[in-house]
Every structure is written in C-alpha cells, then in structure tokens.
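Subject: A structure for you to look at

Hi there,

Here is the structure I promised to pass on to you. Have a look at it first, and then read my notes below.

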Amino acid sequence: MGRARLLRKIASNIESNLCILGASGIEDKLQQGVPEAIESLRTAGIKVWVLTGDKQETAISIGYSSKLLTSKMTQVIVNSNSKESCRKSLEDAIIMSKKLTTMSGTTNETGRTLGSGSTPVALIIDGTSLVYILDSELEERLFELACNCSVVLCCRVAPLQKAGIVSLVKKRTSDMTLAIGDGANDVSMIQMADVGVGISGQEGRQAVMASDFAMGQFRFLVPLLFVHGHWNYQRMGYMILYNFYRNAVFVLVLFWYVLFTCFTLTTAINEWSSVLYSVIYTSVPTIVVGILDKDLSRLTLLKHPQLYGAGHRDECYNKTLFWITMLDTLYQSVVVFFIPLLAYWGSTIDASSIGDLWTLAVVILVNLQLAMDVIQWNWITHAAIWGSIIATFICVIIIDAIPSLVGYWAIFEIAKTRLFWCCLLAIIVTALIPRFVVKVLYQFYAPCDVQIAREAEKFWAQNQSAAGEVEMSPILDHPRR
Amino acid sequence: MGVIFIPVGLVTLRASHCVIIHSMVVEIVDRYDIDCVPEPSRMDKVSYIQDDSIPKNCSRFMKVHKYMKAPIYIYYQLDNYYQNHRRYVKSRSDKQLLDGQKYHDTSSCQPVESNNNRPIVPCGLIAWSLFNDTFKFIREGAELIVNRKNIAWKSDRGHKFGKNIYPFNFQNGTLIGGGKLNPEIPLSDQEDLIVWMRTSALPSFRKLYGRIEEDLDVDDVVVVNLMNNYNTYSFGGKKKLVLSTSSWLGGKNDFLGHACVFVGCSSLSLAIIFMLLHVKYRRPYGDMSYLPWNRKSFSG
C-alpha cells in the first residue's frame, strides 16, 4: 500500500534541517554465561535456532556476541516480500547450502547433512518472508534448507510465527523440540514445543506460567539438559526395561506351572505373596534406583557435552534392547521354574513349599539383577535392595505362620532341607550368568561413550585434585559427530 | 576380573557339594500297579479294581542292592496324578477339620459335602480320594516292624486337624473314592489322612507311608504283601513303592547333580576364556582416547 511511502514522505518533510546534538546507544546486555551455553548446546549436537522480534542487524550482532554465528560461517539471507521471490530465494539458498556443506561436511544415515566441517552455513530469515512460507507448500523447502544449516536465525518474528516455526519442525521429524523464552511474546512458542522453558526475569512471569520448566537464567538450560536430562533419560529407559522384566518373570513362572496342573489355573505362588510381590518385595528398590541412580557425575557431563548424544542415539531404550530383555526374561523364568520342578519331581513336596521356593527365588533373582545394574551405590540403595530381600523372607515366614491358610508351616519344613538352599543358589547363578557374561563382554570390548567416561571418572578420581567449581569450560574445535 | 571368578567359585563349590550328597542316598523303587492285576483281569483293569469280590492281595519282592541304614523310609509314589488340579485343591474345608460338624459353611467341599442330608466329616474331594493301599514287609520269614507314627508334619497334627473331631458319615456314598477312616480315632491322629491332605505340587509325587527302624543288608530280599485297593487305572496313573534312606524332600534325584556339574563346567570354561581374552585384547581402563570424538582414526 502507499501508506509506508506516504509516511516516509512526511517524515522527510519534518525531519529536515536538524542539528545533531549527540547520540546515545543502549546495549541490551546478554545474560551471563550465554555464549558458553550456546556453544555447549551445539557441541552436544543440539540444533539451536534463534527467533527474535528484533531487526535483522540487531539479531545478527546478537548472534555474533552470543557465539551463535562465527566469522567462519557463511550466511544465507532470505528477505523476500512475495511468494515467488520467497520460492526463488529458498531454492537458491538450498543449492548454495548443499554446495557448501557437501564439499567439506559429513552426511549421517538419514541423508541429512549435519553441517559439520569447515564451512557451516547459517540461515537468516525475516518475518516478512515467513509470512509467505509458513502454512504453505514452501514450508517443506524451508525445512530442507534449515536442516542443511547449522544455525537458523529468524528476525522480526511475530509471536504466532514463532509457534509456526516450532510446529514446522515438530510435524516433520520425531526429534524433540525445546523452546526457551522470557517474554509474553514467547508464550505460544513455549506451548507449541515438546518442552517449554520459561525464564523468569525482567519481562515478568508470563513465559514462566506457560512453561514446563522455569529458570532464572538462560545458562541454567545447560545443566537442565546435560545433567538432569541425561540422568532422567538413562533412569527412565532402564526402569521401563526393568519393570517389564520384573513383572514378566513373575507371571511367566505362574504360566509354566499351569502346564503341569492339567491346564487348570492353580497358582504356583500363594495369593498373598502374589499381592505383596509388587508392593513390598520388589517395589522399593525399583523406586529408589529410579530416583537416585546416576550414571555419570555432574562435572563429567558438563565437561563433555557430546555425552548427551547417547540420548539422541536411543542408547538406553530401543527395540533391540527391549527384545533382548524379553528373551533374557523368558530364559530366567525357565530357569527359575524348571530347576525346582526337576529337582523335586517325584518327591514329597507340597504346593505351598515349592511355591515358597519359587517366590524367594524370583524375588532374590530380580533384586540381584537390579544390584548388578545399579551404577551408583549409596546407603539408601543398599538398604532398599537388601532390605527388600529380608522383608520378603519375613513376609513369607509370617504368611506361613497363619494356621488358617493352606501353607501353614511350609517354609519351616522346607528350609530345613539342604536341597532348598541348593536350588536357590543354583537358580540364581544359572539365571544371572548369561546376562553377566554379555554385560562383561560388551563393556570390555565394545564400550559406549558413557561407559568409557564412567571408567575415566572412577579411574582418575584419585588422581585429580579438587578441580574447582568449573561449570562449563569452552570446548575447543572438536570434530562433531 | 575378580568378579568373574566369584560365580565360578560358587558353582564349583555347589557342584562338589551336590555330588557328595547325591551319592549317599540308596533307593529301591518297585512299580506294582500293572503286575498286581491278575492275568484274567488285565484287559479290563477298571472293573477289576472296582469289583469287591476279587481279592486284592499281591506279593512283591524287593532286593536290596546296597547297605541301607535305619531309618528306612517307605513311600508310595503316584505318577500322572494331578493333586494340584485347581478344583481338587479347593475341595476342602480347613475350618471343618478343626471344628467338626459345628462348622456349617462347607460349600467349598462340593460335591462331597453331605450324604443323605447328613454332613460328611472330613468333607471334600481330597479326603474322599484317600490312598488306601497297605503294605506289610517280611524279611527272612520275620515281619519288619513299620513305624506309622509321626509321618505327618507336627504342625499339621497340632494345628490344622482337631483333637476332638471324629470322622462322620465318611465314604458312605455310592461312589467310593478311596479309603475309609476309623470313626474312633480323632482327626489329629489320622496320620495317613493328614499326609494325604497336604496336596502335592507336581503330577508325580510320593508320600510317606512309614518307617522301618532296622538296617537292611546287601542282597536281602524283602517280601512285600500289599493290598492293591486304590484305583489309578481309570486315568492311567502309576503306583510305585519306594524304600529310601533319605528323609529330605527329593530323595535320589540325579537332576540337580548333573545340572551343578554342567553349570560348573561351563562357568569354568567361561572364566578361562575371559582370562585369555583379557590377556590378549586388553583395552586400557578409562582411556579417554577411546571416546569417539577423540579418536584420531575416526572417519565420518
């Protein structure tokens, strides 16, 4: 419209013959630690995009001061004001970025170039172009271009466009998106992302109220992701597998017994123990390990952001791991069930006694397996695991001391025999050996980064004197994966 | 590396233990259910067992192959008998065993709850199917004394079966399931019943019949005069008589011994393999240069 032109005409009429008295500049200071934080995030393989409402020049200079943009990067700028010119700019930009990155970069399995190498590309795009791109067929091209670039900087972005960019990424990949902002104009973006982080501070608490996590400063994002995020991922992945295993072992023992009761549903383990299994016998160690276990120390995780890649590569929970766990569960249930079955075949044993043997065998086995997998021991973990085993013995004794139940005194009769304890030992050793062997082989001969870092931590813990409170040290030019 | 040797140590220890134990038990097993059926009835064993007019005595010979030290335990073993069948296991009333006819809520004992409108004590299928073969043992013309006391668990005798409760209206129906009980002996002294009512966990089981308190020497021949009363022919079950020197559950069972040896051997071989691997392909412990982003030979 002619409005802008008319405004410019009036402005030039008024603002003439002015005498400049001086100029003042305002520096919008970056928070403390932001450049290092962004550097760490990028070293970890996290793509960092900046969406700001500022002008392009401001945004670019902020990019330089926060180490988002470096002088080595090639900048691809898209500033268009019509759909056709947008399309053309995007196409040109894609061709140029491909040329720059395939010259010196690497490609990962999905065919997307990661922009590593000596000429990374930065995309700078403004809000007026985004108007034509978002919610149209050009989104696909923008996404392709953005994936080729290592940094994306969007300026003059309106709040709803911020959300639009987040959803552009969310829709097209299964990667997780995190949005962090501090003002009311960031609310829609925070809510659209998978994880929304609000910074409480100068601009009020709007962002905080809409977010999943709130923090005081931007640099706290780094420990949130690298330390707590990493620990939680590892714990969660392990806990899911362990819980499947724990319940499946128990149920499979009951299943195998059915084959030997003429296919009627007699329970191998008495009902009280079945109920208490999930409540007393095995629940506390699960909870304690799921809350407290830490695979690496805070310092190591902050020092080596690349360790965060374990989460990207699904190292703690994936299909292979799941099916192997299930196979191991099946094997262990077979061992737990068939060793007593064959040892007591044709003997005088009654259902309650062998049920007690199975109960104790499963509980001890499940807890010992957890003990084998726990990474960081502290007194609570010890108390939980060994305490649960002792509590199981006590509960079994109490249940067998109630005269009105069928299994009255069964545990005392059977515990007097050597065969009972032999069987228990046999079950535990036989069931745990394959898992133990596989773990040892894997850890010695094909260790993952986390494993190496753990060994380094332990091995060098004695050699290192107090390193001081170095939270984040700048990472030098390491070739990224 | 030391951690690997722990399970190995445990296992070999166990193996040696098991081998020692399992060589101490001496057992004689004799299956008698087929051979005790007289020739003419071999075609239809079920009608033989159900016919009261045919005499059920039978003589068997058991030869002692190794010196057996007293006490020698006499067991009867039943195979293919599912005492762990769900309906069977539930068919009892523990309250009635303690309180007798005063206790009325015996619906769990169906269909063996009452007969001719009078309650049955003890009710239920388990009691109804009481094993009733009897055995007498003769060696060199003299009868061996069989101690039939204290064969049931003390806890059962003391707390699960009433001391003043007597069998009532027991095994009076048209369908006979097993043995009869002497109505003058209280339930807490009916040791055969108590042993039988501790239902076994597996389809193949043995139950204690009594004890012989004398030693048996090698090459002794024990003549067993038994009454083949119990019907296992309707469902293809087997009956065996066992004389054994062990009292602990399990008796002579080769399985655990073999399993121990197998696991012990495989653990030992694993330990040796690990030791060799450790010596040959040693990876320095905690060496940071193995991290993928530090490896110089790392190529995208």
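How many salt bridges does the rule find across the interface of domain 1 of chain A and domain 2 of chain A? The rule finds zero there, where a salt bridge is a side-chain nitrogen of Lys or Arg within 4 Å of a carboxyl oxygen of Asp or Glu.

Some ground rules before the rest. This is a predicted model, in which local features need pLDDT of at least 70, side-chain atom pairs count only at pLDDT 80 or more, and totals for chains, interfaces and linings use all residues. Residues are numbered from 1 along each chain as its sequence is written, chains are lettered from A and ligands numbered from 1 in the order in which they are written, and side-chain values use heavy atoms, leaving out hydrogens and water.

Back to the two domains. Domain 1 of chain A covers 31–99 + 119–221 and domain 2 covers 225–458; such bounds come from an automatic or database domain assignment. Their C-alpha centres lie 46 Å apart. Eight residues of domain 1 of chain A are in contact with six residues of domain 2 of chain A (contact means heavy atoms within 4.5 Å). About 580 Å² is buried between these domains, with carbon and sulfur atoms giving 74% of that area; buried area is the accessible area (1.4 Å probe) that two parts lose on being put together, summed over both. In domain 1 of chain A, T43(A), A44(A) and I46(A) lose the most area to domain 2 of chain A, together 56% of what that side buries.

Salt bridges do turn up elsewhere: the count over all chains comes to 35. In one of them, R87(A) pairs with E137(A), and the closest N and O atoms are 3.4 Å apart. In general, side chains of opposite charge can pair when their charged atoms come close.

Chain B has some backbone details to look for. The peptide bond joining Q110(B) and P111(B) is cis, with omega about 0°. Another cis peptide bond runs from V121(B) to P122(B), with omega near -10°. N80(B) has a positive phi of about 60°, although it is not a glycine.

Finally, confidence. Chain B averages a pLDDT of 83, and 83% of the residues score at least 70; pLDDT is the predictor's confidence in each residue, from 0 to 100. Over residues 296–300 of chain B, pLDDT stays under 50. For the complex, the predictor gives an ipTM of 0.88 and a pTM of 0.85.

Enjoy exploring!
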